[in-house]
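Colleague: I am new to this structure and would like to learn how to read it. Could we go through it feature by feature?

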Amino acid sequence: MKKYGLIGFPLTHSFSKKYFEAKFEKEHIGDSTYELFEIDNLSNFPEFIKAHPGLCGLNVTIPHKIGAVYYMDWIDDEAKQVEAINCIRVVEESALATAFSGEVGFVGQDFRLEGYNTDIYGFENSLKPLLQSNHKKALVLGNGGASRAVKYVLKKLRIAYRTVSRRPKANQISYEQVTPRLMAECTLIINTTPLGTSPDTNAFPKIPYEAINSKHLLYDLIYNPEKTVFLQKGEAQGATIKNGYEMLLLQAEKSWEIWNKKS
């Protein structure tokens, strides 16, 4: 039996489990399971892998997208650049084979951990169809693991951006520093924070929504609820809005492709 799963903390709800269980049923994949693993600390991660024989792949969510990087034997080039992963491929491999491959792994382990970032693929391919010629500058709300993938894609698409977080520091401004003028300049606004996620659906990033107009595109990585207060406020001002559901679909399928590749 092939085992897949999601690690994070807390895991109060899971798109991934429902998605993959439905996929297994629809595509008649009878030898696979998808489980939720609530892990609040990654210090015993190698032991966790050993304790779950048959584990072939993991999705990674908050708060481990950055921390999980340090437990990988090999990291995909894009994931290496953003220094965050959300997809792990577990390959059975002898320690001797790992040594000959030139990779640095855990001593005595009989598996190889490969790290990928499918958020990059999901975000880029769900965003691009919505971009207009005026979307030259962006505001990225939040600076966690998900924001790293977002900013990587923006750089790739040559869209300038400013990062907004609770505390200002180098190359980062606070929410209090987001002015109507800055909002007018940045017609693409992306929420990478968990603000507004169910069950706390009344929360939203504190920005001057009155400066939003029909030229704006608001993208929220949250998918539950379908329309967060962040998106509702943008829509009320005439903006185009997009939630994170399609991004999740795309990154989930990319994860499945990675877990089952032959090489």
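Colleague: Leaving aside neighbours within four places in sequence, which residues is Glu-78 in contact with?

Modeller: This is a predicted model, and in it Glu-78 is in contact with Ile-120, Tyr-152 and Lys-156. Glu-78 itself lies in helix H3, residues 77-82. Between Glu-78 and Thr-118 there are 9.3 Å in space, C-alpha to C-alpha, although they are 40 residues apart in sequence.

Colleague: Does Glu-78 count as buried, exposed or partly exposed, and why?

Modeller: Glu-78 counts as partly exposed because its relative accessibility is 25%, and that class runs between 20% and 50%.

Colleague: How are H5 and H6 packed?

Modeller: Two packed helices are described by the angle between their axes and the distance between the axes. Here H5 (residues 118-127) and H6 (residues 145-156) meet at about 50°, and their axes are 9 Å apart. The two helices are therefore oblique to each other, and their crossing is right-handed. On the H5 side the contact includes Ile-120 and Phe-123, and on the H6 side Tyr-152 and Lys-156 are among the residues involved. By class, this contact has eight nonpolar and three charged residues, with no polar ones.

Colleague: Where does pLDDT stay under 50?

Modeller: Where pLDDT is low, the predicted coordinates should not be read in detail. In this chain that stretch is residues 100-107, for which the model has 12 contacts beyond four places in sequence. For the protein chain the mean pLDDT is 91, with 93% of residues at 70 or more.

Methods. Residues are numbered from 1 along each chain as its sequence is written. This is a predicted model: local features need pLDDT of at least 70, side-chain atom pairs count only at pLDDT 80 or more; totals for chains, interfaces and linings use all residues. Side-chain values use heavy atoms; hydrogens and water are left out. pLDDT is the predictor's confidence in each residue, from 0 to 100. Contact means heavy atoms within 4.5 Å. Axes are lines fitted to C-alpha atoms, for helices over the stretch in contact, and angles run from 0 to 180 degrees between N-to-C directions. Helices (H or I, at least four residues) and strands (E, at least two) are DSSP runs, numbered from the N terminus. Angles under 35 degrees count as roughly parallel, over 145 as roughly antiparallel, 65 to 115 as roughly perpendicular and the rest as oblique. A crossing is left-handed if the near helix is turned anticlockwise from the far one by less than a right angle, and right-handed if clockwise. Ala, Val, Leu, Ile, Met, Phe, Trp, Tyr, Cys and Pro count as nonpolar, Asp, Glu, Lys and Arg as charged, and the others, Gly among them, as polar. Buried means under 20% relative accessible area, exposed over 50%, partly exposed in between (1.4 Å probe, protein chains only).
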